Every structure is written in structure tokens, then in C-alpha cells.
Amino acid sequence: MKNSIIFLFSAILFSNLMNAQLKPVKYSEGSQQLNGLFIKSAKKSTNNPGILLLPAWLGIDNASKGIAEELSKLGYHVFIADIYGEGNYPKNTGEAGKQAGFYKTNYEAYQKRIDAALKELVKSGANADNIVAIGYCFGGTGVLEAARGHLNVKGIASFHGGLGKDANRKTEPISAKVLICHGADDPFVPKEEIVSFQQEMRDAKADWEMIYYANAVHSFTNPEAGNDNSKGAAYNAVAAKRSFDHLQLFLNEVLKK
């Protein structure tokens with residue numbers, strides 16, 4: 001009997017560990033093959049809240065994987081999107097800049113890639129009407145496009161992301177709640193862009209908030225970004241923790257668990 005109980009406990013533990021792992025998901029948008037990652041919520045819920053995670057400009061990285069795993073433990077199904085697709089993954093920051101630049105300019109193509117990932121999150125078990133999109137750097141720009149494009153998300157959270165849009169684009173109402181987590185010393189987002197973004201949010205009658213983190217520059221949530229603020233991008237452990245805490249407050253407000 002004792003051995004049977006130990007075996008049963010081991011089987012349950014193994015099953016829980018397997019369910020908590022990031023699993024590769026092949027999907028497509030148009031003719032482009034894409035490779036995302038999905039991790040199931042570690043907690044059962046009838047509401048099946050989901051989070052779509054858009055990574056930084058180098059694509060799916062250790063930082064995005066770590067965040068997905070943490071969010072899974074908190075009770076969310078998480079899907080990490082692949083924006084570039086097979087044959088287009090950048091090998092360095094130069095290539096990443098070109099790839100990201102294409103989607104920033106061709107925002108409708110970016111929105112389609114995001115929507116394709118959103119559909120995969122739903123296929124994987126998330127409630128289609130109970131999802132928040134979060135993004136980092138290039139992905140932070142992407143979640144704003146999800147809001148601007150009226151994709152089916154309850155809210156979006158952008159971390160050290162680009163905020164601007166072409167001045168010739170029409171500003172439309174935004175229904176998704178918006179959280180912006182921004183490094184107070186980020187040199188890559190001009191003050192003019194911040195002012196324009198905030199005016200856009202007012203004109204769009206959005207429910208938005210923007211939080212600044214002291215002594216933080218670009219990429220402040222990424223432990224692999226180094227610690228030299230003079231380079232313009234660096235990890236800041238205090239800002240990273242505070243922004244994750246703010247994300248949890250936002251998720252608790254916006255999603256049903």
C-alpha cells in the first residue's frame with residue numbers, strides 16, 4: 001500500500017511538472033510558418049484567463065520564457081508569439097532592427113501576426129474573452145498595435161516599448177485597458193513621442209496609465225541586458241520587480257480568474 005501511494009504521488013508530481021512546461025506550437029499566418037511557445041496555467045479555473053506575450057526584437061528569448069513561466073504559476077495560460085517566422089529569425093541586433101522596423105512601419109502586418117498568435121492561445125485553452133496582451137521593447141510596441149487594431153484583448157501592458165504611431169494615422173477609440181511601464185531615463189523614447197502618445201490616449205478615450213521607474217533605461221526587465229545605464233539599455237532589478245507587481249495588479253483588475 002505504501003509503495004502504491006508513493007507511486008501515485010510521484011505520478012501526480014510528474015504530471016504537474018509536465019503541464020507546467022513550455023511547449024512548442026507550430027502555426028501559421030498566411031504562408032509563413034511560425035513557432036510559438038505555450039505554457040498551461042498551473043491552477044485550474046473555469047474562466048481560463050490567458051496572456052499573449054510579445055517578445056523583444058530578437059524574438060523569443062530567455063527573458064520572455066521566464067516571464068511566461070512565472071505567469072503560469074499565477075494561474076494564466078500563456079502563449080509566446082513568434083512574429084518573424086521560420087527563415088526570418090535575426091542573427092544579431094542589426095538584423096533585428098531591420099525586421100522590427102518593417103513591422104513598426106507595416107503595422108497592419110504586425111497586427112495580423114499578433115492576431116494569429118492570439119488565436120493559438122485560444123486554441124490552447126484560454127477564454128477568448130478573457131485575455132491580456134503584454135509585450136517587451138518591440139513587443140511593447142506590438143501590444144499597442146493590438147489595442148489600436150481592436151484585437152480581442154481586454155487589456156494590454158507595454159514594458160519599455162515604443163509608443164509612437166504615424167501622425168497621419170487616424171486615432172480611433174481604444175476599448176482595451178492600457179498599462180505602460182516605462183524607464184524614466186529611457187533614451188530611445190523621445191519626450192515628443194511620450195507627449196504624442198498621451199494625447200492619443202486622451203483622444204482615444206482610453207482607460208490608461210503610465211508608470212515611470214527611477215534610474216531605469218531601456219530593457220530594464222531583461223537580466224541579460226547588462227547593468228550599464230550609459231549604454232541606454234540595462235537591467236534594473238528594482239524596476240523589474242515593481243513593474244511585475246504592477247502587472248499583477250493590472251491583471252487582477254482586468255481578467256477574471
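Lys 119 and Asp 115 both belong to helix 4, where they sit 4 residues apart, about one turn of the helix. In this predicted model, their side chains form a salt bridge with an N to O distance of 2.5 Å. Lys 119 has a relative accessible area of 47% and is partly exposed. Asp 115 is also partly exposed, at 24% relative accessibility.

## Salt bridges between distant parts of the chain

The structure holds 10 salt bridges. One of them joins Arg 148 and Glu 200, with 2.8 Å from N to O. This pair links distant parts of the chain, since Arg 148 lies in helix 5 and Glu 200 in helix 6 (residues 191-203), 52 residues apart. Arg 148 is buried because its relative accessible area is 9%, under the 20% cut-off. Glu 200 is buried as well, with a relative accessible area of 7%. Both residues take part in a network of salt bridges that links Glu 145, Arg 148, Arg 169 and Glu 200.

Another salt bridge pairs Glu 86 with Lys 26, and the closest N and O atoms are 3.3 Å apart. Glu 86 lies in the loop between strand 4 (77-80) and helix 3, while Lys 26 lies in strand 1 (residues 23-29), so this contact ties together parts that are 60 residues apart in sequence. Glu 86 is partly exposed at 38% relative accessibility, and Lys 26 is exposed at 59%.

## Largest pocket

The largest pocket has a volume of about 800 Å³. Its lining comprises 43 residues, and those nearest the centre of the pocket are Trp 57, Lys 104, Cys 137, Phe 138 and His 218. By residue class, the lining divides into 18 nonpolar, 16 polar and 9 charged residues.

Four helices each supply at least two residues of this lining: helix 2 (62-73), helix 3 (93-105), helix 4 (107-123) and helix 5 (138-148). Helix 3 gives the most, with 7 residues.

## Largest cavity

The structure holds 1 cavity of 30 Å³ or more. The volume of the largest cavity is about 50 Å³. Its lining is made up of Pro 55, Ala 56, Gly 59, Ile 60, Ala 81, Asp 82, Ile 83, Tyr 84, Tyr 89 and Phe 138. Of these lining residues, 8 are nonpolar, 1 is polar and 1 is charged.

Phe 138 is among the residues that line this cavity, and Phe 138 is also one of the lining residues nearest the centre of the largest pocket.

Technical notes
Residues numbered from 1 in each chain as written. Predicted model: local features only at pLDDT ≥ 70, side-chain atom pairs only at ≥ 80, totals over all residues. Heavy atoms only, no water. 1 Å grid on protein atoms, 1.4 Å probe; cavity = no way out; pocket = protein on both sides within 12 Å on 5 of 7 lines; lining within 4 Å. Points joined across faces, edges and corners; volume = space filled by probe spheres on them. Nonpolar A, V, L, I, M, F, W, Y, C, P; charged D, E, K, R; others polar. Salt bridge = Lys/Arg side-chain N within 4 Å of Asp/Glu carboxyl O. Buried < 20%, exposed > 50% of the residue type's maximum accessible area, 1.4 Å probe, protein only.
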